Structure formats: C-alpha cells, structure tokens
Amino acid sequence: MTGKLIIFSAPSGSGKSTIINYLMEQGLNLHFSISATSRPPRGTEQNGVEYFFLSPEEFRQRIAAGEFLEYVEVYEGRFYGTLKSQVDSQLAQGQNVVCDIDVLGAERIKAVYGPQALSLFIQPPSIDALRERLEGRGTDSPEVINDRLARATYELSFAPKFDAVVINDDLATAQADALRVVSQFLQA
Ligand code: 5GP
C-alpha cells in the first residue's frame with residue numbers, strides 16, 4: 001500500500017524535534033524523507049542515509065530540471081532540498097514519510113500532495129514563552145535569540161494554513177495531541 005506524507009513545521013524552540021522523535025517510536029511506520037544537500041558529509045554520514053550529497057553544480061542542474069519539491073540556498077552554493085523522486089519512492093515502498101521543513105517548504109509540499117499529505121504546525125504557547133525557552137537553553141546570544149523570535153513571529157503567521165496545529169505548552173499533552181492527529185490521518 002502506498003504511504004502517506006506528514007509535514008512538520010515549527011519555529012525553532014517549539015519542541016518539534018522532541019515531538020517528531022516521540023511519534024517515530026509509536027509503530028506508525030514513519031520514516032524521515034532523505035533530503036539532498038550540497039554541504040559535505042560530516043563524521044559518519046553516508047550518501048543516501050542522512051542525505052544525498054550532491055555537488056553545487058549537480059544541485060543546480062537538478063533544480064533546473066524541476067526535480068525538487070522545494071529547496072533553499074542557505075548561502076551561495078550551499079543548498080538543501082527535497083527530491084520529488086525520493087519522496088515518491090519512499091511512498092511507493094509503503095513508508096509513511098516525515099518531512100521536517102520550514103513553513104514555505106511545507107506549504108509547497110502540501111500543495112503538491114493534497115489529501116495524501118498532512119501538514120502539522122507545532123506552535124509554542126506564546127512568543128514570551130518561546131523567549132523564556134530560548135533563554136533557558138542558554139545556547140544562544142541575545143542577538144541570536146532576537147533573530148529567532150522575529151523569525152518565529154513571521155512563521156507563526158503561517159499556522160492557519162496548516163491542516164492541524166498542536167500547541168506545545170505541556171510536552172506530554174502536545175505529544176498525545178500530535179499522536180491522535182497523525183494516527184487519525186493515517187487510518188483515514
Ligand atoms: P544540517 O546541515 O545541520 O544537516 O541541516 C541544516 C538545516 O538544513 C536544518 O535546519 C534543516 O532543517 C535544513 N534542511 C535539511 N534538509 C532540508 C530540505 O530538504 N529542505 C529544506 N528547505 N531545508 C532542509
């Protein structure tokens with residue numbers, strides 16, 4: 001049976017990764033989509049496992065050929081993107097495919113797959129709560145935190161465009177909510 005697609009998006013600091021990792025362990029046959037990048041492999045990363053590692057030239061050629069569902073060029077020559085052929089091959093193998101992606105990429109992928117995809121936005125309870133979380137993490141300078149909050153405000157404006165929104169105020173509740181929404185979608 002063909003799989004389904006679940007697209008997650010969230011401002012940084014909203015607990016998205018924790019919620020996705022929880023869902024991956026619930027026996028739902030969820031598999032991360034393997035993206036392409038032009039950055040070099042790190043450590044033990046292998047081609048076709050963490051990413052497909054392409055040269056910048058090859059990445060550009062494949063953009064021109066219309067092979068990407070979405071992509072970003074983070075800076076000159078450093079690309080990340082989702083290959084349609086890869087998502088389709090994972091779906092054809094019966095995998096339920098998880099994309100963890102920015103709000104614009106999420107919107108594009110949802111537009112391509114329509115009812116075969118569920119777009120899910122993980123929302124922090126408020127910008128103030130997000131600030132407290134980012135400050136509490138202690139990993140970012142005040143400038144970086146302000147940048148992230150400005151970006152989060154922009155990203156939050158996309159929430160109404162998603163199929164479902166899960167508010168992460170209390171993590172256990174958010175995990176249960178996400179599990180319910182995703183399970184219902186996969187059973188439909
Ligand atoms: P890293 O280089 O640490 O593996 O990833 C850097 C960033 O690239 C992450 O924030 C990740 O979300 C983003 N990224 C990874 N794959 C894709 C993709 O397929 N499309 C887009 N738009 N961003 C991606």
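Colleague: Are F59 and F68 buried or exposed?

Modeller: Buried means under 20% relative accessible area, exposed over 50%, and partly exposed in between, with a 1.4 Å probe and protein chains only. Both F59 and F68 are buried. This is a predicted model, in which local features need pLDDT of at least 70, side-chain atom pairs count only at pLDDT 80 or more, and totals for chains, interfaces and linings use all residues. Residues are numbered from 1 along each chain as its sequence is written, and side-chain values use heavy atoms, with hydrogens and water left out.

Colleague: How many aromatic pairs does a search of the whole structure find?

Modeller: Rings of Phe, Tyr and Trp (its six-membered ring) pair if their centres lie within 6.5 Å; planes under 30 degrees apart count as stacked, over 60 as edge-to-face, the rest as tilted. The search finds eight pairs. One of them, F59 with F68, is stacked because the ring centres are 4.5 Å apart and the planes at 10°. Y154 and F158 have centres 5.2 Å apart and planes at 75°, so that pair is edge-to-face. Y154 is partly exposed at 38% relative accessible area, whereas F158 is buried at 9%.

Colleague: What sits over the ring of F185?

Modeller: A charge sits over a ring if NZ of Lys or CZ of Arg is within 6 Å of the ring centre and within 35 degrees of the ring normal. Here the charged end of K4 is placed over the F185 ring, 4.6 Å from its centre.
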